[in-house]
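Here is a short walk through a protein model, in questions and answers. Have the structure open as you read.

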Amino acid sequence: MNSGRLKGTFTAIKASAALFAAVFVLLAVQMLLGHDPAIGTTREPTAKAAVTEQEPEELSLLDRATNALDMQSPSEDEAEQYYEQEAQQQTEAPAPVQSDAS
C-alpha cells in the first residue's frame, strides 16, 4: 500500500518539475527575443521627451538650505543681508485647522 502512495508522490514531483522547466524555458526565450512580459518590449525605440525652456521656479526651503551648505561661509555683512532678505520673503503661516476631534 505504501509503495503506491510513494510512486504517486514521485510522479507529482516529476510533473511539477517538468511544468516549471517548460515555463522557465518559455520565459527565458521570450526575454532573449526582447519580449519580457514583466517590462514590455525593449527592442522598440522609445520617444524622447521634448526639452523645453522653463522659468526657474522658486526654490523650496530644503533646496535653499542645501545650496547654503554648498557655499563657502559668507562674511558677516553678506550673512546679514541674506537673513534680511529671507525675513522679507517669509509670509505669515496659515492658522491651524481645528476640528471637533482636536
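Q: In which helix do F20 and F24 both lie?
A: Helices here are DSSP runs of H or I with at least four residues, and strands are runs of E with at least two, numbered from the N terminus. This is a predicted model, where local features need pLDDT of at least 70, side-chain atom pairs count only at pLDDT 80 or more, and totals for chains, interfaces and linings use all residues. Residues are numbered from 1 along each chain as its sequence is written, and side-chain values use heavy atoms, leaving out hydrogens and water. F20 and F24 sit four residues apart, about one turn, and both belong to helix 1.

Q: How is the aromatic pair of F20 and F24 arranged?
A: Phe, Tyr and Trp rings (for Trp, the six-membered one) pair if their centres lie within 6.5 Å; planes under 30 degrees apart are stacked, over 60 edge-to-face, and the rest tilted. A search of the whole structure gives one aromatic pair. In F20 and F24 the centres are 6.0 Å apart and the planes make 25°, so by the cut-offs the pair is stacked.

Q: Is F24 buried or exposed?
A: Buried means under 20% relative accessible area, exposed over 50%, and partly exposed in between (1.4 Å probe, protein chains only). F24 has a relative accessible area of 55%, so F24 counts as exposed.

Q: What is the span of helix 1 from its first C-alpha to its last?
A: The expected span of a helix is 1.5 Å times one less than its number of residues. Helix 1 has 31 residues, and 45 Å is expected. The span in the model is close to that, at 45 Å.

Q: Which element has the highest confidence in the chain?
A: pLDDT is the predictor's confidence in each residue, from 0 to 100. The chain has a mean of 77. Confidence is lowest in strand 2 (residues 40-41), with a mean of 58, while the highest mean, 90, belongs to helix 1.

Q: Which pattern does the chain follow along the sequence?
A: The chain holds three helices and two strands. Read along the sequence, their order is α-β-β-α-α.
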